[in-house]
Amino acid sequence: MASARAKGTEKSQLVVYLKDLSGSGNEPEAVGGFKTDTDALAFARAYVCDSVERCRIADAVGKPVLESWKLFGEDTEVFKGDALVWTSEEDIKQFVKAKSQDQERNWRVLDPRHKSNIVDFDGCDCGHEHVCEHEDDHEHEVFENDDNNLMVGL
């Protein structure tokens, strides 16, 4: 019988740790179960990019955005076992330099915690997939001002 590696079905061993920078005292949340290492790294990068944009005030760039993110944002670190594989340290300078496009910050489509709950919503004109909080047959209402772009079951 062929091994999982030979079949190409082995999941990534990378774990992404989500860290709250606001000093809340919460332990970092571990997210694993990615299909590939590339997915894990893209998720970590997009998660930080999205956090930076949530901390950006209007069209601010550079140092003010970085300072706001360090006070109120969320960071990620990627580990394989005990080995640190990626941090946002190098990329953060690029993130604060200019406003990111929506597709650069869409970590939700890569989030293995919600893969089974992603639904396509025909009535949505944003073109993105949305995370549904439950799996019943139902309709959704999309809120224009919802930064998370999550749907709420009616």
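**View 1. The whole chain and its surface.** Accessible areas here come from the Shrake-Rupley method with a 1.4 Å probe. By that count, this predicted model has an accessible surface of about 10,000 Å², and 48% of that belongs to carbon and sulfur atoms. Of the 154 residues in the chain, 31% are buried. You can trace four helices and eight strands, in the order α-β-β-α-α-β-β-α-β-β-β-β from the N terminus on.

**View 2. Strand S1 and its two partners, S2 and S3.** Strand S1 (residues 14–20) pairs with strand S3 (residues 74–80) in the antiparallel sense, over seven bridges. S1 also runs antiparallel to strand S2 (residues 29–31), and three bridges join these two. Look for Leu18: it stands opposite Thr76 in S3 and opposite Glu29 in S2.

**View 3. Tyr17 meets Phe79.** The structure holds five aromatic pairs, and here's one of them. The ring centres of Tyr17 and Phe79 sit 5.6 Å apart with their planes at 85 degrees, so we call the pair edge-to-face. Tyr17 is in strand S1 and Phe79 in strand S3, 62 residues apart, so this pair links distant parts of the chain. Is Tyr17 buried, exposed or partly exposed? Its relative accessibility is 30%, so Tyr17 counts as partly exposed.

**View 4. Phe43 and Tyr47 in helix H2.** This time the ring centres of Phe43 and Tyr47 are 5.8 Å apart and the planes make 40 degrees, so the pair is tilted. Because they're four residues apart in helix H2 (residues 37–55), about one helical turn separates Phe43 and Tyr47. Both Phe43 and Tyr47 are buried.

Note on methods
Residues are numbered from 1 along each chain as its sequence is written. This is a predicted model: local features need pLDDT of at least 70, side-chain atom pairs count only at pLDDT 80 or more; totals for chains, interfaces and linings use all residues. Side-chain values use heavy atoms; hydrogens and water are left out. Buried means under 20% relative accessible area, exposed over 50%, partly exposed in between (1.4 Å probe, protein chains only). Two strands pair if DSSP finds at least two bridges between them. Rings of Phe, Tyr and Trp (its six-membered ring) pair if their centres lie within 6.5 Å; planes under 30 degrees apart count as stacked, over 60 as edge-to-face and the rest as tilted.
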